[in-house]
Amino acid sequence: MEKHLFLGDEAIAQAAIDAGLSGVYAYPGTPSTEITEYIQSSPIAQERGIHSKWSTNEKTAMETALGMSYAGKRTLCCMKHVGLNVAADCFMNAAMSGIHGGMIIVTADDPSMHSSQNEQDNRVYGNFAMIPMFEPSNQQEAYDMVYDGFELSEKLGYPILLRITTRMAHSRSGVIRRPVKEEKAMSFPEDGRQRFVLLPALARQRYKILLEAQTIFTEKSENSGYNKYFDAPDKELGIIATGIAFNYLSENYPEGFEYPVLKISQYPLPKKQIEKLVDECKEILVLEEGFPIVEEQLRGLLGREIKVHGRLDGTLQRDGELTPDTVGKALGKEISDYYTIPEVVEQRPPALCNGCGHRDVYDALNDVLKEYKDAKVFSDIGCYTLGALPPFRAIDTCIDMGASITMAKGAADAGLFPSVSVIGDSTFTHSGMTGLLDCVNEETNITIIISDNETTAMTGGQDSAGTGRLEAICEGIGVVPEHIRVMVPLKKNYEEMKQIIREEIEYKGVSVLIPRRECIQTLTKKKKASKK
Amino acid sequence: MKIDIILSGVGGQGILSIAAVIGEAALKEGLYMKQAEVHGMSQRGGDVQSNLRLSNQPISSDLIPRGQADLIISLEPMEGLRYLPYLKKDGWLVTNSQPFVNIPNYPEIDKINAELDKLPKKVVLDVEAIAKEVGSVRSTNIVMLGAATPFLGIEYSKIEDGIRHIFGRKGEEVVNMNLKALKAGFDVAQRLQ
């Protein structure tokens with residue numbers, strides 16, 4: 001059978017298309033971006049008109065996906081781990097209402113923080129919402145879980161959370177595809193009003209139903225082919241390995257396992273198999289990519305009954321992603337080190353591209369802010385976060401999507417002057433706009449710079465929701481038109497830029513500066529494409 | 001057959017195209033493969049690497065354990081040194097000799113060369129110069145692939161097929177330019193070994 005070389009993200013995307021997907025809803029975020037990009041460029045998806053346009057943020061994505069599911073169609077909703085925080089309100093309540101058309105939510109977690117500000121493990125969210133969850137160990141499993149997952153979601157009546165991590169999302173391997181199914185016809189749930197109107201009286205009923213469903217979810221896990229028990233003669237230790245941790249374990253036992261192993265890729269935890277492992281083995285080692293979630297559940301609060309090793313007792317490091325080496329070390333295997341990194345090798349951190357407009361914005365801003373000793377710059381998530389690094393050292397904060405404007409407001413409320421916010425165009429429409437409304441309503445003395453490169457650049461140049469309409473949006477929110485100032489961030493305009501920045505800092509109220517110049521990466525791509 | 005390769009360089013140099021060509025060739029050979037890449041933030045001029053594993057048996061881990069890589073292919077000399085802990089004792093480092101300087105504290109090239117000299121098995125070549133010689137300046141990464149081909153355990157013609165497949169949609173001119181680059185790298189490496 002023909003094997004296709006797919007990234008984990010691509011395997012998920014192809015599986016969804018093959019399973020009769022009608023719409024993907026997502027906001028770009030590493031390492032989840034390629035799922036939606038793949039669907040956008042897929043010929044079948046184009047032919048069928050599968051929805052694949054980017055959503056403004058993860059909350060709008062989740063709600064739109066739930067709406068499509070309500071209308072009976074199969075839908076996929078993708079985001080990076082921190083994106084689920086943004087979408088959490090809808091996510092939690094979709095577990096209460098349940099779904100109609102199959103709905104799979106993909107969370108792409110980033111342990112070791114390759115491209116993120118934390119390494120939260122979103123299996124916590126799966127447990128929190130009490131819905132079934134998949135954690136594939138390889139690309140083929142990811143494909144199969146999504147392909148069959150829609151049907152399971154429909155059968156159970158609940159959304160399914162698919163949790164992957166960076167090494168699954170961005171690793172390629174051969175995948176065998178299955179036949180392409182038709183899309184589902186539009187239909188509405190017969191008991192829709194009983195389920196989807198979460199008034200307290202109805203929500204209390206739904207919650208009881210969700211609680212009762214837990215038994216069924218556990219049974220599904222216990223009978224799932226993705227959870228597998230491997231017996232072995234030495235019962236001194238029993239090993240639980242979840243998701244891709246199973247691969248690192250297998251890597252250390254090329255000739256077969258020494259101890260009994262329980263591979264877990266479907267949640268809630270398969271109770272029967274865990275009981276068997278604990279009964280048969282003296283001690284348990286838990287290998288999981290992320291937080292010690294299974295480990296904590298096994299230990300209980302006091303950890304007296306079962307002897308459990310893992311991230312909590314120091315057998316494995318508490319933070320960071322697993323590797324075949326850290327797992328090998330936990331198993332007492334020797335690591336063969338022949339060479340070390342020579343001292344001469346220096347760190348090479350990422351940097352803003354040469355010719356990037358953000359560079360000019362920071363140069364001009366830094367120059368002006370030299371005149372104000374108390375100035376603080378609240379920034380946000382995007383390429384411009386790299387303004388934290390030398391030679392710019394231009395920003396004081398970066399917390400979460402959209403936080404620059406609201407944090408700058410809080411500091412201004414506390415008396416800070418000048419309180420400056422630097423946010424990108426896509427981040428502004430993602431979740432900066434509501435904060436701007438707060439500023440306008442209170443006439444906060446704040447200077448907001450929307451550094452507009454007309455794209456979502458950090459994740460590779462996806463469409464930005466507000467391109468061409470930023471001034472209109474700001475004006476609509478209520479910013480005084482004279483204090484919405486557009487400029488072109490180029491060296492030749494430095495003096496003009498500095499003059500504008502100075503004037504707007506001195507204006508006692510809400511100013512929005514929009515330095516606008518297309519991202520150098522998307523510009524180069526366009527030039528290349530037009531040459532062909 | 002089992003070969004573990006680390007590809008390294010600086011974001012934007014094109015290590016992923018090298019990985020894609022080898023991956024395509026391996027799949028056509030009926031081999032199992034896994035290839036872990038780095039996307040996102042580090043692609044903005046930071047150090048990037050890819051773990052590429054090929055085998056005639058199923059592969060477990062997407063990541064190569066320390067001390068087990070058969071080969072490091074690097075488009076930049078300092079980046080080749082960064083992954084030495086992954087190289088096995090008799091593994092090869094095939095690297096570009098020309099530094100990519102985008103940090104203020106980039107070490108003196110003599111110090112880098114001194115470290116390269118210490119390695120028992122290496123091929124160090126100026127891929128930019130070779131690419132220029134054969135008129136394929138935009139295919140320096142494929143020159144590097146050519147230089148590494150003798151170590152891959154995959155027939156040269158299969159790598160050529162991989163190039164035809166990966167670059168095919170960009171037109172015949174691009175394919176030929178890359179085939180020329182591949183040959184040039186291959187020939188120089190043969191002389192240096």
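User: Where do A:K276 and A:E280 both lie, and how many residues apart are they?
Analyst: In this predicted model, the side chains of A:K276 and A:E280 meet in a salt bridge, with N to O at 3.9 Å. An α-helix has 3.6 residues a turn, so residues three or four places apart point the same way. The two residues sit in helix α13 (residues 271–280) of chain A, about one turn of the helix from each other, at a separation of 4 residues.

User: Are A:R163 and A:D109 buried or exposed?
Analyst: A:R163 and A:D109 form a salt bridge of 2.7 Å, N to O. The pair links distant parts of the chain, 54 residues apart: A:R163 belongs to strand β6 (residues 160–165) of chain A and A:D109 to strand β4 (residues 103–109) of chain A. As for accessibility, both A:R163 and A:D109 are buried.

User: Which residues are linked with A:D109 and A:R163 in a network of salt bridges?
Analyst: A search of the whole structure finds 51 salt bridges over all chains. A:D109 and A:R163 belong to a network of such bridges, and the other members are A:D121, A:R123, A:E135 and A:E288.

User: How many salt bridges does the rule find across the interface of chain A and chain B?
Analyst: The contact takes 48 residues from chain A and 51 residues from chain B. Between these chains there are 18 residue pairs in polar contact. One salt bridge joins B:E79 to A:R348, with the closest N and O atoms 2.6 Å apart. Across the interface, the salt bridges number 5.

User: How much area do chain A and chain B bury between them?
Analyst: The size of an interface is often given as the accessible area lost when the parts come together. Carbon and sulfur atoms hold 56% of the area buried here. The total for chain A and chain B is about 4300 Å².

User: How far apart are the end C-alpha atoms of helix α1 of chain B?
Analyst: Helix α1 (residues 15–28) of chain B has 14 residues, so at 1.5 Å a residue it should span 20 Å. Of those residues, 10 are buried, including B:I18 and B:I22. The distance between the end C-alpha atoms agrees with the expected span: 20 Å.

Terms used:
Residues numbered from 1 in each chain as written. Chains lettered and ligands numbered in written order. Predicted model: local features only at pLDDT ≥ 70, side-chain atom pairs only at ≥ 80, totals over all residues. Heavy atoms only, no water. Expected span 1.5 Å × (residues − 1). Buried < 20%, exposed > 50% of the residue type's maximum accessible area, 1.4 Å probe, protein only. Contact = heavy atoms within 4.5 Å. Buried area = accessible area lost by both parts, 1.4 Å probe. Salt bridge = Lys/Arg side-chain N within 4 Å of Asp/Glu carboxyl O. Polar contact = N/O pair within 3.5 Å; in protein donor to acceptor, adjacent residues only side chain to side chain.
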